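Student: I would like a close look at one part of this protein, a pair of strands, and then at the parts elsewhere in the chain. Please take me through it in one connected answer.

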Amino acid sequence: MRNRLRILTIALFSLASVPAAAQIDSTAQVRNAPMLDYEHPKQYIINKVKVSGIKYLDPEVVASISGLTKGDTIMIPSDYLSSTLKTMWNQRIYSDVQILTEPVGDSVNIEIVLRERPRVYDWKIEGVRKGQMSELLETLKLKKGGELSDFVLNSSKDAIRKYFAEKGFYNADVSVRLENDTTLENVVNVFFVVDRKNRVKIGKIDFEGNTALSDRQLRRSFKKTHQKSVNIFKGAKYKEKDYEEDKENLIDFYNSRGYRNATILSDSVYRINDKRLGIALKVDEGNKFYYRNVSWTGNSVYETRQLNDMLGISKGETYDKKTLHKRLGIGKHADYEDMSSISSLYQNNGYLFSSIDPGEVVVGEDSIDINVKIFEGKQAKINEVRISGNHRVNDRVIRRELYVRPGELYNRALLMQTIRQLNQMQHFDPEKTSPGIDLVPNSNELVDISFPLEEVASDKFEISGGWGSNMFVGSVGVQLNNVSLKNFFKGSEWRPYPHGQNQQLAIRGQTNGSYYKAISLNFTEPWLGGKKPNSLTVGLYYSDETDAYYAWQSGNRHFRTIGVSVGIGRRLSWPDRYFTIYNEISYQAYNLKDWSSFLVTNGTSNIFALKTVLARNSVDSPIYPRTRCR
């Protein structure tokens, strides 16, 4: 029987090249002839490469990944096998890797002995609510049937800890329990065991080095990071992302008070006890600065006097970087919807590619000279206007609401008005419309505008009931906000109703049975004729009230009303485009029989009425307004 000697790879290769996880529970071995001389490596030709110990992987694929190929020449001992070992470990799918060699004359047989990591049958999380478990599993995106990996386990534990840290459980502990599946070989169920521990809140926020501004003022500059107080509406949870943002807010606050060079020298988050964290910040305020002179370079379209008036900065005022950038319309403090900035002044006149750069020159110990450099560029015209994401609203219906059109000069004010009009339609998600607008330069004088829309449900269905005056009253109503009347009699367009033209149809009925019943119908065409935004509204109404208070009675008296109304609405351009005027003519007929609580007891009365409404509405969104357009 051939004498074989097994020697641990640790004697041949440096363990520094092997992952830490591999060093704990696995070995790599070389099997050699007894006369192997380690001081004088010998060259061998690989005769055979064999892969053993695997069940789910293809041996030929594994052999090719190893880099060991039949017919190649290899030195034994050498660093080449350690590189192969590292390659196998880096795949993170093996729990044990061994490389065995058997020299036969000038040839060598190599065997790669592997032990596959167990496969995961199911992932579960213990110690959390059902809703949290579903949310976590969706976030972690763990796959069933794959190999168990230390990397996946560790990264998942970190993600779970971060999830609970965001909810205030800063000390949450996560461990892993593996259970072998009872029906399948080399298959496990993985349990993440969560111990949230106590919720941790911020006990106090302290500042050091501040003399000009108090601790209280600095704490108020934090928008999301607050210490625990009697104000129950201010959360005291610690979130790292919010804290980093609030450190920037702190510097912005100093800058807005004239402290141009204020910095945070150091900060730390420390544990007060199991339920409280403390935050300590050391600041250097620097000197307080004031504006001296403001000059402009590169402006030819607008005079310096006009730009100075818009900027509104006087000599001797406290330096305020936030206000300066906001009025210029640049940087993170710029409000894209604000039409009063200098950037908007240029962009409202076609200068889309203009840029504004305020240079600052420190004069003495406390003064700042501002030189605003303007690159005006050329006026840009709109090349194409693209719309996407609309499936139920016709392109033509959307395009007639646009104030930006091909061939016209780019105008940011009209672009913002277009966004408002799209929001007023209530068919698209306003949170996606404005951020999704894409301005793509076609050249230095042309720009393409894209509106990626996301449709939302806007139809309404209502059913309600109530009890009063010893009777039950029920009502039901439906409001369809995207009807297409011209397709109303086309059976193929009923999905579930003819849609696409942005016409509104509302039907509502109310009754308690024999005593009272009413029904109303309203229809609105927002663009009568399709060329101008002149709306047509038609309404019908009928009600019948009797003296039959209970269902088993029949009425002998009644008060019946029938009405019809027709109204025309217009958008006005003066005093501004937010004004509308609505004129309506209506007719109502009252028919009474032995009804004693009205002006007449029997007969029919008729009423004709004219109504005019002048209104102004500048909110950006009709459902959840966040600002008003100016």
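Tutor: Strands β8 (residues 173-180) and β9 (residues 187-195) run antiparallel and are joined by eight bridges. One of the residue pairs is Ser175 with Val193, the latter lying in β9. The two strands form a hairpin with six residues between them, and in this hairpin Asn186 takes a positive phi near 55°. The model is a predicted one, and what follows should be read with that in mind.

Ser156 belongs to helix α5, which covers residues 150-165. Its relative accessibility is 4%, so Ser156 counts as buried; the cut-off for buried is under 20%. The side chain of Ser156 also reaches the backbone oxygen of Val152, at 2.7 Å.

Strand β11 (residues 263-273) pairs with strand β12 (residues 276-284) in the antiparallel sense, over nine bridges. Arg271 has Leu277 of β12 as its bridge partner.

Next comes a sheet. Four strands form an open sheet in the order β4-β3-β6-β5, and the pairing is mixed. At its edges are β4 (73-76) and β5 (94-104), each of which pairs on one side only. On average, neighbouring strands of this sheet are turned by 40° against each other, with direction ignored. Within the sheet, β3 (residues 42-52) and β6 (residues 107-116) run parallel and are joined by seven bridges. Lys48 is paired with Asn109 of β6.

Helix α2 (residues 59-66) lies across β3, β5 and β6, and runs at about 145° to β3. Helix α3 (residues 80-89) packs on the sheet and touches β4, β5 and β6, with its direction at about 155° to that of β5.

Further along the chain, the topic is empty space. Rolling a probe the size of a water molecule over the atoms shows where such space is left. The largest pocket has a volume of about 980 Å³. It is lined by 31 residues, and those closest to its centre are Gln424, Pro526, Ser535, Arg571 and Thr580. Several elements each supply at least two residues of the lining: helix α12 (412-424) and the strands β20 (471-483), β23 (535-546), β24 (558-571), β25 (579-593) and β26 (603-616).

Helix α12 can be followed through one of its residues, Ala413. At 23% relative accessibility, Ala413 counts as partly exposed, because the range for that class lies between the 20% limit for buried and the 50% limit for exposed. Neighbours within four places in sequence aside, Ala413 is in contact with Met339 and Asn348. From C-alpha to C-alpha, Ala413 and Leu345 are 9.3 Å apart in space, although 68 residues separate them in sequence.

Terms used. Residues are numbered from 1 along each chain as its sequence is written. This is a predicted model: local features need pLDDT of at least 70, side-chain atom pairs count only at pLDDT 80 or more; totals for chains, interfaces and linings use all residues. Side-chain values use heavy atoms; hydrogens and water are left out. Buried means under 20% relative accessible area, exposed over 50%, partly exposed in between (1.4 Å probe, protein chains only). A polar contact is a pair of N or O atoms within 3.5 Å; within protein, one must be able to donate a hydrogen and the other to accept it, and residues adjacent in sequence count only if both atoms are side-chain atoms. Two strands pair if DSSP finds at least two bridges between them. Axes are lines fitted to C-alpha atoms, for helices over the stretch in contact, and angles run from 0 to 180 degrees between N-to-C directions. Contact means heavy atoms within 4.5 Å. On a 1 Å grid over the protein atoms alone, a cavity is a set of points where a 1.4 Å probe fits but cannot get out, and a pocket is an open set with protein on both sides within 12 Å along at least five of seven lines; lining residues have an atom within 4 Å of a point. Grid points are joined across faces, edges and corners, and a volume is the space filled by probe spheres set on the points.
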